[in-house]
Amino acid sequence: MHLVRGRARPGGRDGHHLHGEGRVLGPTELLEGSAAWPGATTDEMQRQVADPLEKRLQELVYYDRVETSVRPGLMLMKVMFKDNMPPAKLQSEFYQARKKLSDQASSLPRGVLGPLFNDEFSDIYFALYALQAKGLPHRNLVMRAEDLRQRLLRVPGVEKINILGEQAQKIFVEISYQRLATLGITGQQLLAALANQNDVTPAGFVEAAGPRVYLRLDGAIDGLDAIRNLPVAAGDRSFKLGDIAEVKRGYEDPKTFAIRNDGEPALMLGLVMKPGFNGLKLGEALNAEEVAIHHETPAGITFTKITDQAKVIDDAIHEFMVKFFTALSVVIVVSLVALGFRVGIVVALAVPLTLSAVFVVMMVTGRDFDRITLGALIISLGLLVDDAIIAIEMMVVRMEEGADRVAAATYAWSATAAPMLTGTLVTIAGFLPVGFAASTAGEYAGNIFWVVSFSLIISWIVAVTFTPYLGVKLLPNIKTIEGGHEAIYATKNYERLRRVVRLSVNHKWMAAGITVGLFGLAVVAMGKVEQQFFPNSERAELIVEVTLPAGSAFATTEASVRKVEAAVRDLPEAREITSYIGQGMPRFVLSFDPELPDPAFAQIVVQTADSHARDVLRGKVRRLVDEGRFPEARVRVLQIVFGPPIRFPVAFRVVGPDLDVIRGIAAEVADVMAANSNLRLVHLDWGNKTPNLHLALDQERLRLIGLTPKEAGQQLQSYLNGTPATQVRENLRSVDVLLRSPGPERRSLGEIGDLTLATRDGRQVPVSQVARLESRNEDAVLKRYNRETYIRVQGDVLDGRQPPDIHAQVFPLLAPIKAKLPPGYRIDTAGAVEESAKAMMSLVAVFPIMLIVTLTVIMVQVRSFSTMFMVFATAPLGLVGAAPTLLIFHQPFGFNAILGLIALSGILMRNTLILVDQIHHDRQAGLSDYDAIIESTVRRARPVILTAAAAMLAFIPLTHSVFWGALAYVLIGGVGVGTLLTLLFLPALYALWFRVKRAPRQATVGSGADVPVRLANS
């Protein structure tokens, strides 16, 4: 059994990893395994091997489920742990799994091979190299690969290199069963002759006066000639083995795994990078080494890079830099234009200081640079100038009122530090579900919480310390405005705003009704927005999967792959074609799990120039499939996606105790799915039966000739597939020597009855005399999900359609089928919707903590239950802007958009808190409740608008990102509309919430100073 721990280790820069696809997931919470029992049926493998192992695994503390697939003589298993398992417990759970399975091994049937463990099966490869040499023997190419492996291991930053696609070398001794019968030699005699000649046997040693002297025996088999010259006794005669049998070199037959690159066999060198190493430096070192290798490689041997994580990292950095500096420029321009050059430069200087500190904190805490953290930095960029703008705007106002620089800076600290800190903590609390969601999606995107938290906390520290200091040093001599506070907020624009705010407060019920109505419309509009889990990646690779009926021979699969390769190679968009036959491609991208070995399965990776060429090629290949160019196989064309691995986007599991009943139910589900025009390639993932030849042995006749069923089976195995006799030790490899029949005899089902069984006294008895040949249909595969038999019905969605939407169309139509299900049977949702539901549940599970933290922070600031609940009531209002924005720009609502909506709630509560704090200050300064609402809103208008404009414009570069686009649109629309609600609805809500009545036209307003100032036109 193989127990597999996946590790993701690509890239690094300035002490951090740099990963182009998403967060590095650390050790994957997954065990993958296999066990073998040669000769066992699928049912025997399931009941005798898989079931007891599954039961023991259920004893694990953090066990979630096990997915088991069995074939004749082989069991494959994936064990999933609970998403809430603490990372520190991972190694302990792996140890317990190994221990329990090892303990169970002694109870498995005799002949079961395993359990064996390998926990490095799912490494993510930093680079893949194809090594090819047309006409060169495969074993020589393997030795060349070993030399290159050793050479590349010396490159700094390389942890290990795996050689993939190697065909196990064999030496075949082929002799006809008819000739054996004629000579009177049994297969057992030949096996014994080979084994006795070649076994490593100690001959002792002599303790001499000086060194110990070992005795070595000569005569070990060291090549084909030694095997051919091996004497074989037949009665009173002796033959050389080469005279009665053909001895030749070959490779594993049939194959179990093969790699082809551009139509020719290839070996693949998979390179894994050391954790924490600089990925760009490793890429540069590898490029230099490749140049040297190419210069030294003999003619006829090609060494080609297939995948290059360094390029992905470089592209990710380039994308980040473009978007980052665009966003940075937008923030600085907004500050300079709105506040003036000298004032704006103070705000702008806060940005690099904050980011520098964030980078240091990321390095200290081990946060990697990847797609998630880089995007989170851009999100943070739209938020981290808010506090600086508020602080510097407060300083400017105080200086316009006549205060000196130091007094203005001091007031900016005393008046804004506490509410800004509260607002910052509330915003951070909005990201809590993302950071602590116990799911694969939460782990994938969890660093958003940490990076945004670091950024906002540091930006607050900078805003209340560094920004006032810079203001004292850099602000110009601001002229005192005659009339002080009254004159500052008595301009025409402020008067217009004051009238609008007063109108809203005076008609507070109408304003509240309009807002509630808009919120209701937004909720309805969300029902029209396309649903999505994670978006497709913009990577240029196109994946073509070739699946033949279960039980198909490897050679049949390989022939089908050759046809697909030839057809794709003729298309101009295809640059390089690499095929992996017998199992899935190596894991070079985080969102693809390696497929388990299957001789009926292959994956083809087609390199294109860019995402546009990939999309064009995808359409062309699908047209070839629709035209019926590959009728023998199910050919699936797909692209790499972001997020956790998902096999098929729309899928249902039919679960129950009886397989035949499950087949019938699954067929009905498949009919419903196939009737949906938005689905393609609807099929059952297994369930077909394949023919098998059964030998019904006549036990009495078998005993009469002196044989047991085991001995008969061993002889037939030797004839058909070969029986290992010994090993030849060559260079770095041990080569099995197999005894078998020639090709025509092995491949002809019609001649099986003519095969002869050798009795112990040397007689040859045809199989047909002791057995009856019967053709039966057996299950080629049996699958179980958490120890329950199931069949998954699955399909792809058409381009431009979203899996959750299509699932929503199909799901109600399954109700009639569910209504008539027998007891013990059910239909479960699988695919993207299942993973999305898990992600949502993981977010919802953290919501109570988020609510407690948010309410506590608000309560500490406002010290009023009524005010606390009013602030919290504004949290969902971002939907009013988010929903129409998603609809207008045709953006799907997926996991990233959910993150944006959660973050938006924190931003809106932050704005509400700051405005409420200003109202309380103005009330304490002597204003009536009514005037405090109006004047506080007017006074906070400029910083609110400036921070909103900076945030919205900073998010614009992210709208061009495939991964971050939906989130950016949610934040842009939500912040924009949220700003309007802060200025118009929030005053009305405050007046409504606290029953503030309309005041007379004359009022007194405090400037925040000790002496009230009379307002004009109030």
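The following legends describe several close-up views of one predicted protein model.

Residues are numbered from 1 along each chain as its sequence is written. Because the model is predicted, local features need pLDDT of at least 70, side-chain atom pairs count only at pLDDT 80 or more, and totals for chains, interfaces and linings use all residues, while side-chain values use heavy atoms, with hydrogens and water left out.

**Figure 1. Overview of the protein.** The protein contains 33 helices and 34 strands; helices (H or I, at least four residues) and strands (E, at least two) are DSSP runs, numbered from the N terminus. Its C-alpha trace spans about 130 × 75 × 60 Å along the principal axes. Of the 1018 residues, 57% are buried; buried means under 20% relative accessible area, exposed over 50%, and partly exposed in between (1.4 Å probe, protein chains only). Among contacts with a separation of 6 or more, 80% involve residues 24 or more positions apart, where contact means heavy atoms within 4.5 Å.

**Figure 2. Helix H10 against helix H16.** Two packed helices are described by the angle between their axes and the distance between the axes. The axes of H10 (residues 341-365) and H16 (residues 447-474) come within 8 Å and cross at roughly 140°, which means that H10 is oblique to H16. Axes are lines fitted to C-alpha atoms, for helices over the stretch in contact, and angles run from 0 to 180 degrees between N-to-C directions. Angles under 35 degrees count as roughly parallel, over 145 as roughly antiparallel, 65 to 115 as roughly perpendicular and the rest as oblique. The crossing of H10 and H16 is right-handed; a crossing is left-handed if the near helix is turned anticlockwise from the far one by less than a right angle, and right-handed if clockwise. The residues that make the contact include Leu349, Leu353 and Thr354 of H10 and Phe454, Ile458 and Val462 of H16. The contact has 15 nonpolar, six polar and one charged residues. In this classification Ala, Val, Leu, Ile, Met, Phe, Trp, Tyr, Cys and Pro are nonpolar, Asp, Glu, Lys and Arg are charged, and the others, Gly among them, are polar.

**Figure 3. Thr354 within helix H10.** Thr354 is found in H10 and counts as buried because its relative accessibility is 1%. Leaving aside neighbours within four places in sequence, Thr354 is in contact with Leu384, Ser455, Ile458, Ser459 and Val462.

**Figure 4. Helix H13 against helix H16.** The axes of H13 (residues 405-430) and H16 come within 9 Å and cross at roughly 175°, so H13 is roughly antiparallel to H16. Among the residues that meet are Trp413, Met420 and Leu421 in H13, and Leu456, Trp460 and Val464 in H16. By class, the contact comprises 17 nonpolar, four polar and one charged residues.

**Figure 5. The nonpolar cores.** A nonpolar core is a set of buried Ala, Val, Leu, Ile, Met, Phe, Trp, Tyr and Cys residues joined through side-chain atoms within 4.5 Å. The largest has 131 residues, of which Leu377 and Ile448 touch the most other members. Helix H33 (residues 965-993) gives the most to this core, with 16 residues. Not counting residues up to four places away in sequence, Ile448 touches Ile372, Ala376, Phe431, Val434, Leu899 and Trp964. A second, separate core of 49 residues includes Met85, Phe94, Leu782 and Val810.

**Figure 6. Leu542 in strand E18.** Leu542 is found in E18 (residues 542-547) and is buried, with a relative accessible area of 0%. The C-alpha atoms of Leu542 and Ile604 are separated by 8.2 Å, although these residues are 62 residues apart along the chain. Beyond residues up to four places away in sequence, Leu542 touches several residues, including Ile604, Val605, Leu617 and Val637.

**Figure 7. Backbone features in loops.** Most residues other than glycine have a negative phi, and most peptide bonds are trans. A cis peptide bond, with omega about 0°, joins Asp253 and Pro254; Pro254 lies in the loop between strand E12 (246-251) and strand E13 (258-261). Asp262 is not a glycine, yet has a positive phi of about 50°. Asp262 is placed in the loop between E13 and strand E14 (264-265), and is partly exposed, with a relative accessible area of 36%. Arg787, also not a glycine, has a positive phi of about 70°. Arg787 lies in the loop between strand E30 (782-785) and strand E31 (788-797).
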